[in-house]
Amino acid sequence: MLAATSSQFPVIPAMILLPFAGAALIGLLPRSRGDLFRPVALLTAVATGVLSVWMLVGFEDVARFQFQVNQPWISDLGISLHLGVNGISLFLIVLTGLMFPVAILGSTPSHDPKPYYAWLLVLMGASVGVFAAMDLVVFFVFFELVLVPMYFLIGLWGHGRRVYAATKFFLYTMAGSALMLVGIVATGILHQRGTGGPLTFDMVAIARDQVISRPATLWIFGAFAVALAIKVPLVPLHTWLPDAHTEAPTAGSVILAAIMLKLGTYGLIRFGLYLFPDAAVTLRPVLLTLAVLGITYGAVVATMQKDLKRLVAYSSVAHMGFCVLGIFSLTVQGIEGSVLVMVNHGITTGALFLLVGYIYERRHTRLISDLSGLQKSAPIMAACFTLVMLASVGLPGLNGFPGEFLSLLGAFEGARWWGVVAVTGVILAALYLLWAYQRTFHGPATGENARMKDLRPGELMVLAPLLVLIVFLGLYPAPMLERMEPSVKALVAHVDRNSDGFTAVERRYVGPAEAAEREGEGG
Amino acid sequence: MTGFVAVLAATEDIPTPDVDWSAIAPNLILMLGGILLLTVVSVVRGRLPGWFHAVWTISVATAAIVAVVPLWQRVQDSGPESVLAGALVLDGFSLVVTATICVSVILAALLLEAYLRRERLGGPEWYVLMLLSASGGVTMATANDLVVVFIGLEILSVAVYVLAAMHRRRVSSQEAGLKYFVLGAFSSAFLLYGIALTYGATGSTNLSRIQAFLADTVITQNALLLGGLAFMLVGFGFKVAVVPFHNWKPDVYQGSPTPVTAFMATAVTAAAFAALLRVYVTTFGPTYRTEWQPLVAALTVLTLVVGAFLAISQTNVKRMLAYSSINHAGFVLLGVLAASAAGDAATLFYLVAYTFMAAGSFAVVAVVGRRGDGHHDLSDYQGLSRSRPGLALVFTILLLSQAGVPLTAGFLAKFYVLAAAVESGYTWLAVLAMLTAVVSAFMYLRIVVTMYFAEPEGEPRRPRIPAAAGLAMGLCVVGVLVIGIVPGPLSDVANDAVSQLVAVGR
């Protein structure tokens with residue numbers, strides 16, 4: 001594949017293979033060279049990240065899939081290694097390229113660095129694979145493959161009830177995947193029957209032809225939706241998440257929140273809307289309801305948490321609810337907002353988990369009741385935490401705002417009453433995060449809390465790129481919107497065209513983010 | 001009277017079939033290899049090095065695989081043929097199963113070498129019996145006549161009954177042998193009775209004649225034939241351990257010497273499924289599919305569910321793998337149930353993939369079992385990742401493959417079977433099968449958890465890994481990964497092999 005001398009360098013296969021090669025290299029290094037594992041892992045992850053940025057630069061603002069590679073893999077089943085990116089997956093791949101170096105830099109394993117870094121790199125390669133896959137089976141392969149490294153990361157380097165959390169995570173996701181696999185098989189076979197052509201699992205072909213009968217698509221969409229809803233996670237399938245996030249090591253939590261959860265929402269856009277638009281429109285009320293439920297439930301439960309990390313974990317449930325709300329508003333704004341939430345939630349929650357990890361390293365507790373007045377002993381950390389927390393709350397000017405705003409805007413246009421309920425989630429988010437901040441960082445600093453060390457320069461350096469992005473993407477999201485808009489518009493038009501009784505809502509309102517974008521366009 | 005004269009006249013010139021020796025070469029090599037080994041060893045007793053038997057067995061099995069290759073070419077060029085006056089059939093399907101059985105002989109022989117040395121059990125009998133059993137398996141896979149199926153089954157089984165009881169010092173081994181024998185004899189009786197009823201209904205035991213007869217004739221009173229089908233299903237079901245005929249399996253797998261268990265899980269399963277598929281799908285498929293499919297569907301449901309759920313409640317790893325093999329049998333049965341070309345290919349693919357997964361897993365079990373072959377409790381795997389990281393990794397890969405994680409053989413095996421089932425309209429069964437796979441995954445994870453996450457009580461033991469067992473494990477892991485990542489060659493072979501199966505007989 002790398003030898004392809006065609007028009008361009010096959011950047012996507014390189015981004016998948018590079019981490020795998022790095023993992024293999026770490027596997028081959030002797031244990032005695034323990035000092036090499038971290039540099040090799042970091043170098044590989046950064047190189048992959050650089051490739052993702054290179055891809056971002058070379059991306060054209062059009063709807064079609066770019067950087068495509070298509071290699072037959074299992075020819076008798078018509079499965080091919082078809083990879084490509086469009087405006088929706090582009091930023092998730094860049095996010096992967098960003099968050100893995102941060103996660104590797106941001107924390108060190110307590111023991112056994114060799115398998116730790118090897119698994120992290122495997123996870124990275126597989127994550128890129130999920131976002132770039134254009135063949136249903138290849139998507140599934142990577143989707144399942146991410147489970148294995150994550151399972152070991154939680155189980156071997158986690159805290160407390162790590163084995164329970166790891167097993168629960170694995171089985172939950174696998175149960176969903178089992179349904180999805182049958183759904184994928186059925187999609188391929190029914191598509192073949194419908195067209196009379198050869199068997200194929202190519203997403204573009206299946207989405208284009210739309211030959212599967214309506215009852216069948218409802219079942220298949222249901223199977224996909226359950227699998228992806230577990231991954232998102234949507235209430236009531238979320239119970240694996242608090243355990244997995246809380247017990248995972250810091251890097252594992254960062255990756256879980258920043259990348260793994262996005263596999264679910266990304267899958268809903270890519271396989272829910274794109275492949276089965278009609279079924280998505282029909283089952284939309286169910287998903288919207290679950291999304292709104294997730295927003296409010298996640299927020300309320302987060303408020304009640306005593307453990308800081310668990311609080312952040314539940315806040316993810318709420319944020320991902322906004323994502324799903326945006327997607328199933330079926331408006332351009334809603335889906336754009338949803339993609340923005342995905343990326344920005346990845347950045348802010350990743351940063352939050354890093355900060356909680358730093359607190360835990362110093363204080364060996366995450367209980368809010370044990371922490372108090374940290375801003376006196378660690379003012380820089382408090383400042384970072386404030387910024388990240390406000391971004392997570394959705395303060396205008398920081399990166400949490402545009403995505404949530406556009407999601408809600410889309411919901412008001414496409415699904416008004418769900419939008420009305422969802423707005424309460426914004427208020428609750430302010431409540432639980434500000435309250436948690438107040439309890440941990442304000443108040444009197446006593447005992448251990450008074451002696452806590454502030455962020456080291458190295459740790460600040462790890463956070464710096466995230467903080468910069470939090471501000472930059474909050475003030476100026478237009479570059480992202482410009483790149484994703486053609487793809488999102490094409491997707492909404494596709495749904496409009498291929499579903500009964502649904503017309504995409506015309507754009508009537510212009511939010512500040514779009515106003516900025518308009519200016520960017522108009523010049 | 002005239003009939004009697006005719007018989008007399010006929011006896012003067014008994015038509016002896018032309019024997020195409022080259023067509024049955026793999027089977028002959030296995031059988032003669034076994035007999036010759038017994039002869040050589042009894043002549044030059046005591047002067048042979050310890051490794052001789054294993055090397056001999058592996059060479060014989062390799063030679064048999066080599067003999068398969070020109071036959072495969074021949075079948076690909078000129079189509080399937082029947083051999084020995086229609087008693088055997090030479091087609092792609094039988095050849096692939098033959099090669100699979102030979103591979104499992106090689107893997108089991110490697111395990112046996114290390115095992116016998118450790119247990120201080122000598123003797124060529126183990127290898128002789130294994131070769132003869134394999135020859136029986138090949139006979140089953142190539143049989144074109146119900147009587148030949150039965151003969152093959154008996155050769156296969158009798159040798160394995162003895163092998164199961166071969167560990168002289170372990171009572172559980174003898175118990176396993178006896179249990180297997182008694183229940184096996186019962187099931188043979190069922191099979192034979194089924195064959196007799198089928199003969200009564202169709203007037204022949206030859207599979208191609210039965211197929212032709214059923215194609216031409218509509219039987220108005222088909223109770224006899226249905227009875228025959230049901231009884232034969234019991235017979236085959238016992239051999240492949242389909243629920244509710246599975247009760248022997250955990251006990252026998254647990255009690256038998258572990259290399260023998262590996263052989264049973266691979267060669268015996270492959271041979272029995274090959275015969276089952278040939279009889280039900282090829283012979284009765286075109287005409288009587290609607291009669292046997294509901295029956296097999298019910299058995300598949302039971303096999304999948306019972307295999308998965310009983311596996312998770314076990315604490316003995318050998319028993320866990322025994323129950324999980326029942327779950328796997330359910331998946332293979334799903335391929336048989338599809339009763340289509342895709343289903344046949346999927347069955348074949350699954351059998352080959354399972355050979356590597358099962359042989360490799362039991363290889364690990366044999367090594368961890370240590371001297372006495374008794375340390376099979378889950379707690380014996382505690383801390384294995386510390387004391388033997390390589391062994392733990394190998395076992396993890398094999399278990400994940402059994403669970404169906406992508407990039408391993410197990411995933412694609414399941415994928416092919418599911419595709420075949422969905423194509424034949426058994427989507428609900430495919431969903432059920434995948435859900436039971438999740439239940440099984442919990443069991444595999446329990447083993448992984450024990451190896452990696454559990455703190456060992458006291459000093460973790462370092463099981464010795466003999467070179468031969470290490471080689472077997474290496475082969476299995478490579479096989480599992482290669483099939484999982486580059487499945488093209490195997491799936492091509494499986495597809496080619498299956499298209500041949502339809503045309504049986506001259």
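## Chain B: overall build

Chain B has 506 residues, and a compact globule of that length would have a radius of gyration near 23 Å. The value for chain B in this predicted model is 22 Å, which agrees with the globule figure. Laid along the principal axes, the C-alpha atoms of chain B fill a box of roughly 85 × 60 × 40 Å.

What is chain B built from? Its secondary structure consists of 20 helices and two strands. Buried residues make up 62% of the chain. Among contacts in chain B with a separation of 6 or more, 81% join residues 24 or more positions apart.

## Chain A: overall build

Now turn to the other chain. Chain A has 523 residues, for which a compact globule would have a radius of gyration near 24 Å; the chain comes out at 22 Å, which agrees. Its C-alpha atoms fill a box of roughly 75 × 55 × 50 Å along the principal axes.

Chain A holds 22 helices and two strands. Of its 523 residues, 62% are buried. Residues 24 or more positions apart account for 80% of the contacts in chain A with a separation of 6 or more.

## A hairpin in chain A

How do strands β1 and β2 of chain A pair? Strand β1(A), residues 66–74, and strand β2(A), residues 79–85, run in the antiparallel sense and pair over six bridges. You can find one facing pair by looking for Ile74(A), which stands opposite Ile79(A) in β2(A).

The two strands form a hairpin with four residues between them. In the turn sits Gly78(A), with a positive phi of about 65°.

## A closer look at Asp209(A)

Asp209(A) belongs to helix α8(A), which covers residues 203–209. Is this residue buried, exposed or partly exposed? Asp209(A) has 13 C-beta neighbours inside 10 Å, so it counts as partly exposed.

Leaving aside neighbours within four places in sequence, Asp209(A) is in contact with His191(A), Gly194(A) and Thr195(A).

## Where the chains meet

How many residues of chain B are in contact with chain A? There are 26, and they touch 24 residues of chain A. On the chain B side, the elements giving two or more residues are α17 (409–423), α18 (427–452) and α20 (488–501). The largest share, twelve residues, comes from α18(B). By type, the chain B side divides into 20 nonpolar, four polar and two charged residues.

Because 21 of its 26 residues are buried, α18(B) is largely enclosed by the rest of the structure. Here is a handy tip for viewing helices: an α-helix has 3.6 residues a turn, so residues three or four places apart point the same way.

## How confident is the prediction?

For the complex, the predictor gives an ipTM of 0.89 and a pTM of 0.91. Chain B averages a pLDDT of 89, and 95% of its residues score at least 70.

Where in chain B does the pLDDT fall below 50? That happens over residues 502–506. Beyond near neighbours in sequence, this stretch has 15 contacts in the model.

Definitions and conventions:
Residues numbered from 1 in each chain as written. Chains lettered and ligands numbered in written order. Predicted model: local features only at pLDDT ≥ 70, side-chain atom pairs only at ≥ 80, totals over all residues. Contact = placed C-beta atoms within 7 Å. Nonpolar A, V, L, I, M, F, W, Y, C, P; charged D, E, K, R; others polar. pLDDT = per-residue confidence, 0-100. Pairing = 2+ DSSP bridges. Rg over C-alpha atoms; globule rule 2.2 N^0.38 Å. Buried ≥ 20, exposed ≤ 12 C-beta atoms within 10 Å, placed from the backbone.
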